[in-house]
Amino acid sequence: MPELERLDAGHAPTVLDFELANRAYFAASISDRGDDFFDRFADRYAASLAEQEDGVCAFYVLVGEDGSVFGRFNLYDIDGRVAELGYRVAQHVSGRGVATAAVRELCRLAAARHGLRMLRAAASHQNAASRKVLTNAGFVPAGPADPAHLGGKSGTWYQRDLVLGPHL
């Protein structure tokens, strides 16, 4: 059974493998990270760990029994009791409820470990899978998302109250 683990320096090689192996798959539904992301991966990874250490973000990886990364689940822009959620799962595990289960677990961790009360996530109108994950994890539509948050695509903000929300 895959488990959510807090991102650390030891995950770097498997995170890079995950990103490279799924790059084309991700680009079909969300904005491509671009070559610069991969060219400067070590620097960006170190910066992410520093942001996590500072409490601005909290990054998690969904790790399979074989040690490979099945997904990334992140809390961004932690501001008091609210944060933004972002996630991506590997193509070979998509459509199996893996993302929904991990988002539900991250909601539990967001409240218990990080003291958060509300999570927000933006999903483009074209990304039906992401919208389904959010809805199945207890998020509700909360208004239009600025295309700047979605790589130029139109979409919707979703939110989940972690105090009153389901599945905790």
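Phe 26 is buried, with a relative accessible area of 5%; buried here means under 20%, exposed over 50%, and partly exposed in between, using a 1.4 Å probe and protein chains only. This is a predicted model, in which local features need pLDDT of at least 70 and side-chain atom pairs count only at pLDDT 80 or more, while totals for chains, interfaces and linings use all residues. Residues are numbered from 1 along each chain as its sequence is written, and side-chain values use heavy atoms, leaving out hydrogens and water.

Let's look at the aromatic rings. The structure holds 7 aromatic pairs. Rings of Phe, Tyr and Trp (its six-membered ring) pair if their centres lie within 6.5 Å; planes under 30 degrees apart count as stacked, over 60 as edge-to-face, and the rest as tilted. Two of the pairs are set out here.

| Pair | Centres | Planes | Type |
|---|---|---|---|
| Tyr 25 and Phe 26 | 5.8 Å | 50° | tilted |
| Phe 59 and Tyr 76 | 5.8 Å | 75° | edge-to-face |

Phe 59 is buried at 4% relative accessibility, whereas Tyr 76 is partly exposed at 31%. Tyr 25 is partly exposed too, at 29%.

Elsewhere, ring pairs join Phe 37, Phe 38, Phe 41 and Tyr 45 into a cluster. Phe 37 also has Arg 33 over its face, 4.6 Å from the ring centre.

Methods:
A charge sits over a ring if NZ of Lys or CZ of Arg is within 6 Å of the ring centre and within 35 degrees of the ring normal.
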